[in-house]
Amino acid sequence: MFFYVIILLGDNMYVNIEKGIKLINESACDALILCDEANMHYMCGFSPSEGYIIIFKDSAAYHIVDSRYTETAQKHAEKTGLEVIEINSLFGDEIKSLCEKHGVKRVIFENDSISLSRYKMLGEKLEGIEFVELGDRLMRIRNRKEPFEIDLMKKANEIAEKSFIELLNHVRVGKSEKELAAYFDYLMAKNGSHGLSFDTILLTGKNTSMPHGVPSEDKIKEGDFVLFDFGATFEGYHSDMTRTVAVGSASDEMKEMYDLVLKAQLAGIKALDTGAKCADVYKAAYDVLDTKDMAKFFRHGLGHGVGLEIHEGFNASPRSEDTYETGNCTSIEPGIYIPDRFGIRIEDVLYLSPRGRENISKVTKELIVL
């Protein structure tokens, strides 16, 4: 059985709500309104498809739901300290009533993710209240993971890795991409995944040159590469991994290119550290590929933050101006994609813990020939 620790502050208040209150005070505001699914999960412990969370500077915090989520919200509120309100009319009316009750004059809203219709509704209901843009401030807070969040990500990764190892027993000549992808998804569900991190990518032969190709009816042939990009979720947190294997045999060129990508990944991992610039981490891997004139076939960023969303936080790209911080979780996934030939990608998720860099991904990266 899997256990994790919830850190509580003050009157049974979930640590992430305390972070929201600090954000409100630093912004000289009176309240924070959240309706983005991942941001709500961060505060309430699950992912409602609709609803609002409102946190006030006086530490009052509410989760406004409709009847579909009342019972679930109440169960999670035992740990989070949120007060659950089931609406009887409209969300906007309840929000207006609470803001009047708490004397709100300035409110922070999710300008990067809120829909236009919700923004207009809030503007009408909260007439006279000043709206302050949240920007990426909560993202940056979420990007610094608490230990219990890492435990959940590790559990998701364990499920995904166990499923991958089981799947390898079924990968053989004649199997189609679609057939194996569907079975992979089944295995992750059977092994405890709460959902897929994203649509499973499973490609073979020439199709592996498409970084985000979609599984087709194409069948594995002798001497093919097969690329697997997959992830499980647990309690809302995601895993992400890519492995590339060969079936039957691998040519000298395939082995050479695989070793090159692996060296690039190891260079990127070595460069990753608290205080390292995201662009520099990308360059460390890029430069390895460039020694064999293969960097021209590296057609995406080196990595992305992972957590409650499969892409969140910082990106290791040449255009990034961010610097990695303790608590960050990021993928490191160099690849080369040669059109009409083959593609190779190797991906791990790394955690910058207070004790140093930790690789969450455990499955071997040596070339597997099935």
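Predicted model: local features only at pLDDT ≥ 70, side-chain atom pairs only at ≥ 80, totals over all residues.
I take buried to mean under 20% relative accessible area, exposed over 50%, and partly exposed in between (1.4 Å probe, protein chains only). Residues are numbered from 1 along each chain as its sequence is written, and side-chain values use heavy atoms, without hydrogens and water.

**Entry 1: surface charge**

I looked up Glu256 and found it partly exposed, at a relative accessible area of 42%. Glu256 sits in helix α9 (residues 252–271); helices are DSSP runs of H or I with at least four residues, and strands are runs of E with at least two. Asp252, Glu256, Asp259 and Glu366 make up a negative surface patch. For a patch I required over 30% relative accessible area, no salt bridge, and like charges joined within 9 Å; a salt bridge is a side-chain nitrogen of Lys or Arg within 4 Å of a carboxyl oxygen of Asp or Glu.

**Entry 2: aromatic rings**

I counted rings as paired if their centres lie within 6.5 Å, with planes under 30 degrees apart stacked, over 60 edge-to-face and the rest tilted. The count by this rule is 15 aromatic pairs. Phe164 and Phe228 are edge-to-face, because their centres are 5.2 Å apart and their planes stand at 75°. Phe164 belongs to helix α7 (residues 147–168) and Phe228 to strand β10 (residues 225–230), so this pair ties together parts 64 residues apart in sequence. Both Phe164 and Phe228 are buried.

I then noted Phe184 and Phe230, a tilted pair with 4.8 Å centre to centre and 50° between the planes. Ring pairs link Phe164, Phe184, Phe228 and Phe230 into a cluster.

How values were computed
Patch = residues over 30% accessible without salt bridge, like charges linked within 9 Å, V, L, I, M, F, W, Y side chains within 5 Å. Areas by Shrake-Rupley, 256 points an atom, 1.4 Å probe, with all protein chains shown as cover. Lys, Arg positive; Asp, Glu negative; His and termini not counted. Charge placed at Lys NZ, Arg CZ, Asp CG, Glu CD. Phe/Tyr/Trp six-rings, centres within 6.5 Å; stacked < 30°, edge-to-face > 60°.
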